[in-house]
Amino acid sequence: MAAETGVVTTASAPEEDEVAGRGSGRWAAGTAALSLAILLGLLLGFTSGLLAPGLFRPGDTSAEAGFARDMSSHHAQAVEMAILAHGKSTNPDIQTLAADIALTQQGQIGVMQTWLKNWGLSPTGRQPRMAWMPDGAGALKDGLMPGMATDAERAELRAATGSDFDLLFLRLMLNHHLGGIHMAEGILDLSDDEQVSALAESMVAGQKKEIELIQTLQGRINSR
């Protein structure tokens, strides 16, 4: 957000607009640094996917392809919200959590997109969301995959500030992780592919740990 123009009235104390400008500069620098790190993470994810292409070639309507496509989209929303939280929150613990989520999930997107390329499949398929899971259609809510934030919730998050922002981000990310775990556990029940299973297991383990941290941060903020 650009600083408003104003008149400096003293040499010793900057006007609020100047302070806001510095804050905006720090926000932009921090966001740019995180974006660069995310790009590097994505490239590493692509590399990881290429290092172990394997012999398994799922079909276009397979559970593995559906999982890779849907989880990539699911992750993309988490990355979006995490970048926002890293820039807007003034809570160092939330900033760290947000950076970890953005970097980890963007790297995993790179892995899954590389799988699809190696399998000779497009990033998007013709089947509806969650069609690869036996209970997939029932898991959708207003067309959204499990745990995903609605457009209204995302708009509310962008408009929120202070502790209201922190608590809303934590609540939305908690729900997002629970939905992601449901999807990752679903592919573990359906796939025998070692690469797919290994990534899904790491998602479940990592997001369960982050849920514990989210709940701890919620308790700290609510107790103030």
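Trainee: At what angle do the axes of H2 and H5 cross?
Mentor: This is a predicted model. The axes of H2 and H5 come within 10 Å. They cross at roughly 15°.

Trainee: Are H2 and H5 roughly parallel or roughly antiparallel to each other?
Mentor: Their axes cross at roughly 15°. Angles under 35 degrees count as roughly parallel. H2 and H5 are therefore roughly parallel.

Trainee: Which residues of H5 make the contact with H2?
Mentor: The crossing of H2 and H5 is left-handed. H2 brings Gln77, Glu80, Met81, Leu84 and Lys88 to the contact. From H5 come Arg154, Leu157, Arg158 and Ala159.

Trainee: How many charged residues does the contact of H2 with H5 have?
Mentor: Take the classes in turn. The contact of H2 with H5 has four nonpolar residues and one polar residue. Its charged residues number four.

Trainee: Now H5 and H6. Are they roughly parallel or roughly antiparallel to each other?
Mentor: H5 covers residues 151–159, and H6 covers residues 162–190. Their axes come within 9 Å and cross at roughly 150°. Angles over 145 degrees count as roughly antiparallel. H5 and H6 are therefore roughly antiparallel.

Trainee: Which residues of H6 meet H5?
Mentor: The crossing of H5 and H6 is left-handed. H5 contributes Glu153, Glu156 and Leu157. They meet Phe165, Leu168, Phe169, Arg171 and Leu172 in H6.

Trainee: How many nonpolar residues does the contact of H5 with H6 have?
Mentor: Sort the contact by class. There are no polar residues and three charged ones. The nonpolar count is five.

Trainee: On to the rings. Is the pair of phenylalanine 67 and tryptophan 132 stacked or edge-to-face?
Mentor: The structure holds three aromatic pairs, and this is one of them. The centres are 5.7 Å apart, with 80° between the planes. Planes over 60 degrees apart count as edge-to-face. The pair is therefore edge-to-face.

Trainee: How many residues apart in sequence are the parts that this pair ties together?
Mentor: Phenylalanine 67 lies in helix H2. Tryptophan 132 lies in the loop between helix H3 and helix H4. Both residues are buried. The pair ties together parts whose separation in sequence is 65 residues.

Trainee: What angle lies between the planes of tryptophan 115 and tryptophan 119?
Mentor: These two form a stacked aromatic pair. Their rings are 5.8 Å apart, centre to centre. The angle between the planes is 25°.

Trainee: Is tryptophan 119 buried or exposed?
Mentor: Tryptophan 119 has 9% relative accessibility. Buried means under 20%. Tryptophan 119 therefore counts as buried.

Note on methods. Residues numbered from 1 in each chain as written. Predicted model: local features only at pLDDT ≥ 70, side-chain atom pairs only at ≥ 80, totals over all residues. Heavy atoms only, no water. Axes fitted to C-alpha atoms, helices over the stretch in contact; angles between N-to-C directions. Helix = DSSP H or I, 4+ residues; strand = E, 2+ residues; numbered from the N terminus. Parallel < 35°, antiparallel > 145°, perpendicular 65-115°, else oblique. Left-handed = near helix turned anticlockwise from the far one by under 90°. Contact = heavy atoms within 4.5 Å. Nonpolar A, V, L, I, M, F, W, Y, C, P; charged D, E, K, R; others polar. Phe/Tyr/Trp six-rings, centres within 6.5 Å; stacked < 30°, edge-to-face > 60°. Buried < 20%, exposed > 50% of the residue type's maximum accessible area, 1.4 Å probe, protein only.
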